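Below is a short briefing on one protein chain. Please look at the sequence and the structure before reading the points.

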Amino acid sequence: RLPFSLSAGDAAGAFSIRDYQTEAAQAFYGMGKTGFGHGTIVMPCGSGKTVVGMAVMELYGTNTLILTTNVAAVHQWIEELVEKTSLSREQIGEYTGDVKEIRPITIATYQIITWRPSKEGPFPHFGLFRERKWGLIIYDEVHLLPAPVFRMTAEIQAVRRLGLTATLVREDGREEDVFTLVGPKRFDIPWKELEVKGWIAEAYCHEIRVDL
């Protein structure tokens with residue numbers, strides 16, 4: 001167990017979780033019932049998918065592995081966790097090309113876990129994570145998971161799996177693979193609904209025609 005809390009409220013440095021973020025987290029959690037704890041949440045860019053991920057982490061209070069696309073995203077997750085939860089920096093590990101930390105909350109990139117020195121060689125980092133039992137794995141930008149190399153990260157053992165994405169659209173048409181690898185869509189909210197409520201910036205569309 002790794003109990004912690006979101007720093008919500010009106011105190012300095014605190015924030016208030018939005019209704020739809022709570023709804024998304026609860027849709028995944030399902031009141032802790034059997035059959036939940038696996039699935040995908042689809043929310044527009046800028047709507048706070050990271051906050052939803054942290055809310056799910058708070059509900060389960062367990063060792064968590066977060067996989068994301070690049071080092072900048074790793075650092076963003078660390079900053080958000082330190083700023084918006086009761087977790088200390090010492091409880092959060094960064095596992096990237098430059099830093100190799102495995103802690104109760106560990107944030108890594110897909111690339112480092114699936115890296116190997118040669119095409120036929122072993123995956124030195126993958127085995128390390130595969131041997132460890134995680135209470136929760138969060139796949140950030142989960143629409144990338146069906147890619148031939150990244151999909152092997154779905155073999156990492158975990159009691160629960162959460163996928164976060166702004167879109168499930170893939171050029172290869174393998175969107176359904178996300179549900180197979182992680183779980184069904186648990187929550188989806190249209191960007192227009194959030195725009196009307198003022199949670200995300202209003203979108204302006206312009207058509208510009210040019211001669212080819």
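Glu195 is found in helix α7; helices (H or I, at least four residues) and strands (E, at least two) are DSSP runs, numbered from the N terminus. This is a predicted model, in which local features need pLDDT of at least 70 and side-chain atom pairs count only at pLDDT 80 or more, while totals for chains, interfaces and linings use all residues. Residues are numbered from 1 along each chain as its sequence is written, and side-chain values use heavy atoms, with hydrogens and water left out.

**Glu195**

- Glu195 counts as buried because its relative accessibility is 11%; buried means under 20% relative accessible area, exposed over 50%, and partly exposed in between (1.4 Å probe, protein chains only).
- Leaving aside neighbours within four places in sequence, Glu195 is in contact with Ile200, Ala201, Glu202 and Ala203, where contact means heavy atoms within 4.5 Å.
- Thr40 is 155 residues from Glu195 along the chain, and the C-alpha atoms of the two are separated by 22 Å.

**Helix α2**

- Helix α2 covers residues 49-60, and its end C-alpha atoms are 17 Å apart, which agrees with the 16 Å that its twelve residues should span at 1.5 Å a residue; the expected span is 1.5 Å times one less than the number of residues.
- Ten of the twelve residues of α2 are buried, among them Lys49, Gly53 and Tyr60.

**Nonpolar cores**

- A nonpolar core is a set of buried Ala, Val, Leu, Ile, Met, Phe, Trp, Tyr and Cys residues joined through side-chain atoms within 4.5 Å.
- The largest nonpolar core has 34 residues, of which Ile41 and Leu81 touch the most other members.
- At least two residues of this core come from each of α1 (19-29), α2, α3 (71-84), β4 (105-109), β5 (134-140) and β6 (158-165).
- With seven residues, α2 gives the most to this core.
- Another core, of 24 residues, lies apart from it and includes Val42, Tyr95, Ile156 and Leu181.
- Beyond its neighbours within four places in sequence, Leu81 is in contact with Met54, Met57, Ile66, Leu87, Ile92, Ile105 and Ile107.

**Ile208**

- Ile208 is found in the segment after α7 (191-196).
- At 72% relative accessibility, Ile208 counts as exposed.
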